[in-house]
Amino acid sequence: MAAPRWLCVLMLALCTALPAQALRLKEVAAVQGVRTNQLTGYGLVVGLDGTGDQTTQMPYTTQAMQNYLQQMGISLPPGATGQLQLKNVAAVIVTAQLPAFAQPGQMIDVSVSSMGNAKSLKGGTLIVTPLRGADGEIYALAQGNVVIAGAGAAAGGSKVQINHLSAGRIPQGAQVERAVPTPLHDSDFITLGLNSSDFQTARRVAQAINTRMGGNRATALDGRTVQVQAPSNPGERVGFLADLEELPIETSAPSAKVVINARTGSVVLNQAVTLGPCAIAHGNLSITIKSTPVISQPNPLSQGQTVVTQKSDITITQEPGNIIQMPASPQLSDVVRTLNQLGATPQDLLAILQAIKAAGALNAELEVI
């Protein structure tokens with residue numbers, strides 16, 4: 001007999017939950033200021049096989065194409081704009097991430113998403129689209145053939161589609177035109193930002209750096225940032241950071257937490273979750289509604305009409321629920337074994353865990369996503 005889905009999720013969390021172990025510094029922290037930047041732009045995809053925007057409903061597609069033609073030296077006569085039927089053109093939003101230290105001439109990937117009612121972008125080509133940052137400046141230019149990981153066909157009122165057809169990617173589809181300054185050499189210190197706030201981890205990071213590099217180079221400012229004195233020479237600073245990233249850091253055990261996804265019924269517990277002694281009564285309640293059509297025929301020569309009504313039968317079934325004593329569970333494996341004794345469905349388990357938390361027997365933070 002196959003195990004319940006929620007039990008498989010719990011066992012996966014148990015198998016991956018390891019005691020405190022040594023990780024590299026690059027896996028728990030990153031240098032502040034060394035980050036990606038979001039780019040976005042508005043463009044046109046041309047060359048579609050009749051699957052583009054309906055220009056009567058999407059006027060900005062026609063306006064954008066008219067502006068593009070004017071840049072190419074083509075002027076349309078007055079009144080011709082409203083007569084254009086651009087079935088092979090689609091208006092799109094182009095997005096990309098500009099990596100840290102990206103220099104002019106380098107290529108980056110871009111994502112292309114339809115913003116109108118185009119049926120598909122398959123086979124289309126994005127014409128030159130400037131990509132701007134949050135400051136409004138142009139940092140890259142995108143152009144290329146859109147790759148769509150899907151297919152679709154429609155005929156006679158029937159439609160078959162595989163995957164998504166109105167969004168795709170252009171690998172190496174944008175060229176960087178401007179570099180973003182990175183404050184890596186602006187100070188005598190660099191700041192490491194931890195991926196998650198934890199005072200114990202911040203202290204261990206500072207201790208590991210001071211033990212390896214000597215002196216008091218590193219200072220934990222708070223639970224998320226560690227300030228480190230670095231060499232002023234750019235080459236020496238890069239080598240210094242390369243050595244820092246490989247330092248082994250013993251991570252601390254995280255705080256006890258239970259994460260519940262109310263939409264999918266998934267439940268994940270980390271290794272610090274424990275249960276106190278409690279008693280639980282659980283029983284399923286099901287309601288069944290059955291509708292049966294009833295036809296009422298009029299008497300002969302009565303000039304009446306046949307009437308169709310619905311007869312509904314409602315049945316409520318409540319399974320008996322015995323009180324189950326839950327012993328104290330000091331380890332995650334004991335918690336999984338104890339919850340498995342209930343035989344509850346994923347949705348029932350969500351309510352049970354919330355009730356246990358409200359009763360004070362669940363020694364963990366409960367987070368519902």
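Q: What is meant by saying that the structure holds zero aromatic pairs?
A: Rings of Phe, Tyr and Trp (its six-membered ring) pair if their centres lie within 6.5 Å, and planes under 30 degrees apart count as stacked, over 60 as edge-to-face and the rest as tilted. The structure holds zero such pairs. The model is predicted: local features need pLDDT of at least 70, side-chain atom pairs count only at pLDDT 80 or more, and totals for chains, interfaces and linings use all residues. Residues are numbered from 1 along each chain as its sequence is written, and side-chain values use heavy atoms, with hydrogens and water left out.

Q: What places Arg178 over the face of Tyr139?
A: A charge sits over a ring if NZ of Lys or CZ of Arg is within 6 Å of the ring centre and within 35 degrees of the ring normal. Arg178 lies over the face of Tyr139, at 5.6 Å from the ring centre.

Q: Why does Ile93 count as partly exposed?
A: Buried means under 20% relative accessible area, exposed over 50%, and partly exposed in between (1.4 Å probe, protein chains only). Ile93 has 31% relative accessibility, and therefore counts as partly exposed.

Q: How many bridges pair strand β3 with β4, and in which sense?
A: Two strands pair if DSSP finds at least two bridges between them; strands (E, at least two residues) are DSSP runs, numbered from the N terminus. Strand β3 (residues 37-46) and β4 pair over nine bridges in the antiparallel sense. Gly43 stands opposite Val92 in β4.

Q: Which strand pairs with β4 over five bridges?
A: Strand β5 (residues 107-114) does so, in the antiparallel sense. The bridge partner of Thr95 in β5 is Ser111.

Terms used
Helix = DSSP H or I, 4+ residues; strand = E, 2+ residues; numbered from the N terminus.
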